Amino acid sequence: MGRWGQGIGCKPSLGRWPQQRKGQTASGAWGGSRMAAGAAAGAWVLVLSLWGAVVGSQNITARIGEPLVLNCKGAPKKPPQQLEWKLGDSWDSVARILPNGSLLLPAVGIQDEGTFRCRAMSRKGKETKSNYQVQVYKIPGKPEIVDPASELTAGIPNKVGTCVSEGGYPAGTLSWHLDGKPLISDGKGVSVKEATRRHPETGLFTVQSELMVTPALGQAPRPTFSCSFSPGLPRRRALHAASIQPSVWEPVPLEKVQLVVEPEGGAVAPGGTVTLTCEAPAQPPLQIHWLKDGMPLPLPPSPVLLLPEVGPQDQGTYSCVATYPAHGPQESPAVSISIIETGEEGTTTGSVGGLGLGTLALALGILGGLGTAALLIGIIMWQRRKHRGEERKAPENQEEEEEHAELNQSEEPEVAEGSAGGP
């Protein structure tokens with residue numbers, strides 16, 4: 001339950017009217033301090049004129065640290081009075097009741113927020129109730145943009161700055177503007193990160209908002225950024241921070257990243273050395289990382305990758321990734337590293353160039369085998385044809401020899417006859 005304050009001339013009680021003493025009238029019961037109150041009436045009038053006007057509306061907004069007077073409607077302006085004030089459950093204040101029945105809060109604080117209720121009885125016996133909903137506030141100083149950026153790079157996210165508002169109550173909100181127009185966080189070109197802290201002793205709030213933007217190419221070379229603070233209460237003017245004008249730098253398009261391998265072709269004998277060099281324009285200086293078979297290598301950034309004493313575990317495809325501040329990462333074409341294996345029967349090249357090189361080697365092997373088979377078949381057919389030709393030529397030579405022998409025999413008798421008929 002809340003607490004009930006006591007009226008002038010009444011005993012402390014919780015929600016009960018003061019009781020008459022035996023043989024005492026109602027006016028006597030409430031008039032115990034009538035003389036003291038009358039003597040101090042002029043002083044209270046002076047106090048009220050100094051501390052502010054009496055308020056009687058249902059919803060009260062009060063500035064923290066300033067006095068507040070709540071009027072108990074229907075109560076007589078001076079004792080004897082029948083009235084009581086009830087305060088909120090969590091109320092902890094130094095408020096006190098004035099001689100005219102009003103409630104005075106000398107310096108409003110956050111602890112005074114809540115509902116105040118007054119119940120008064122007029123001299124004619126009419127009861128009147130008053131309810132006040134009190135809300136306190138404190139306007140902070142102008143917001144400020146801390147860590148402002150002097151230059152932004154087009155095409156990538158940039159931190160513009162952090163807008164800070166300190167010492168306000170309630171918390172309120174911060175807003176960003178670009179060239180006088182509100183900036184809405186979309187998670188792409190505009191990103192806003194907000195944070196709110198409350199002071200453990202004063203209860204006042206500190207609000208901050210960090211702005212990230214990605215300037216588009218061809219945008220204004222010097223955009224104007226500003227932030228404003230809107231109090232958490234209606235009909236309160238926004239507070240504006242001093243604006244900033246960072247410049248926007250547009251990078252020049254870069255050439256493609258190239259990867260050079262030594263020895264050329266990437267084929268090396270077991271135990272040999274391979275040097276990979278990533279050639280990328282450094283404008284501005286960049287970081288180069290390495291990939292093997294599409295996976296990052298756990299190596300520090302370097303434009304040169306050295307593979308000493310190459311073994312089977314080093315075979316694969318390599319590429320480098322150059323990270324540019326303005327363009328982001330750019331990957332080079334991949335290069336294959338293979339091992340040349342030498343055996344006793346000859347030299348064969350191992351297939352380390354991936355699935356494509358293995359398929360090509362298989363196709364070449366099949367074609368080579370088919371060519372060898374065709375050559376052997378051709379040699380066999382040629383030998384068979386040659387043998388048949390020799391068999392056919394042998395009988396023809398035999399017949400020619402017999403005819404030649406017969407001719408020789410026929411010529412011999414003729415020679416003999418000629419010699420016999422001579423002188």
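The link between C72 and C118 is left-handed, with -75° about the S-S bond. Where in the chain are the two ends? C72 is in the loop between β3, residues 68-70, and β4, residues 82-86, while C118 is in strand β7, which covers 114-121. So this pair links distant parts of the chain, 46 residues apart.

Next, are the two cysteines buried or exposed? C72 has a relative accessible area of 2%, and since buried means under 20%, C72 is buried. C118 is buried as well, with a relative accessible area of 2%.

How many disulfides are there by this rule? The count comes to 3. Let me take the remaining pairs one by one.

C163 and C227 form a disulfide, with their sulfur atoms 1.9 Å apart. The torsion about this S-S bond is about 65°, so the disulfide of C163 and C227 is right-handed. C163 belongs to strand β11 and C227 to strand β16, residues 225-230, so the pair ties together parts that lie 64 residues apart in sequence. On accessibility, C163 comes out at 0% and counts as buried. C227 has a relative accessible area of 1% and is buried too.

Then there is C278, which a disulfide joins to C320, at 2.1 Å from S to S. Which hand does this one have? The torsion about the S-S bond is about 70°, so the disulfide of C278 and C320 is right-handed. C278 lies in strand β21, residues 274-279, and C320 in strand β25, residues 316-324. Again the pair links distant parts of the chain, here 42 residues apart. C278 counts as buried at 5% relative accessibility, and C320 is buried with a relative accessible area of 0%.

Now the pattern of the pairs. If you number the bonded cysteines of the protein chain in sequence order, the pairing reads 1-2, 3-4, 5-6.

Strand β11, which holds C163, brings me to a sheet. This is an open sheet of 4 strands, in the order β9-β11-β15-β14, with antiparallel pairing. Which strands stand at the edges? They are β9, residues 144-146, and β14, residues 190-198. Each of these two has a single partner strand, so one side of each is left without a neighbour in the sheet. Ignoring direction, neighbouring strands of this sheet are turned by 25° against each other on average.

Looking at β9 in more detail, 3 bridges join β9 to strand β11, residues 158-168, and the two strands run antiparallel.

Last, the confidence of the prediction. The protein chain averages a pLDDT of 75, and 70% of the residues score at least 70. Over residues 1-56 the pLDDT is below 50, although this stretch has 82 contacts in the model beyond near neighbours in sequence. Residues 411-423 also have a pLDDT below 50.

How values were computed. Residues numbered from 1 in each chain as written. Predicted model: local features only at pLDDT ≥ 70, side-chain atom pairs only at ≥ 80, totals over all residues. Heavy atoms only, no water. pLDDT = per-residue confidence, 0-100. Contact = heavy atoms within 4.5 Å. Pairing = 2+ DSSP bridges. Axes fitted to C-alpha atoms, helices over the stretch in contact; angles between N-to-C directions. Disulfide = S-S within 2.5 Å. Buried < 20%, exposed > 50% of the residue type's maximum accessible area, 1.4 Å probe, protein only.
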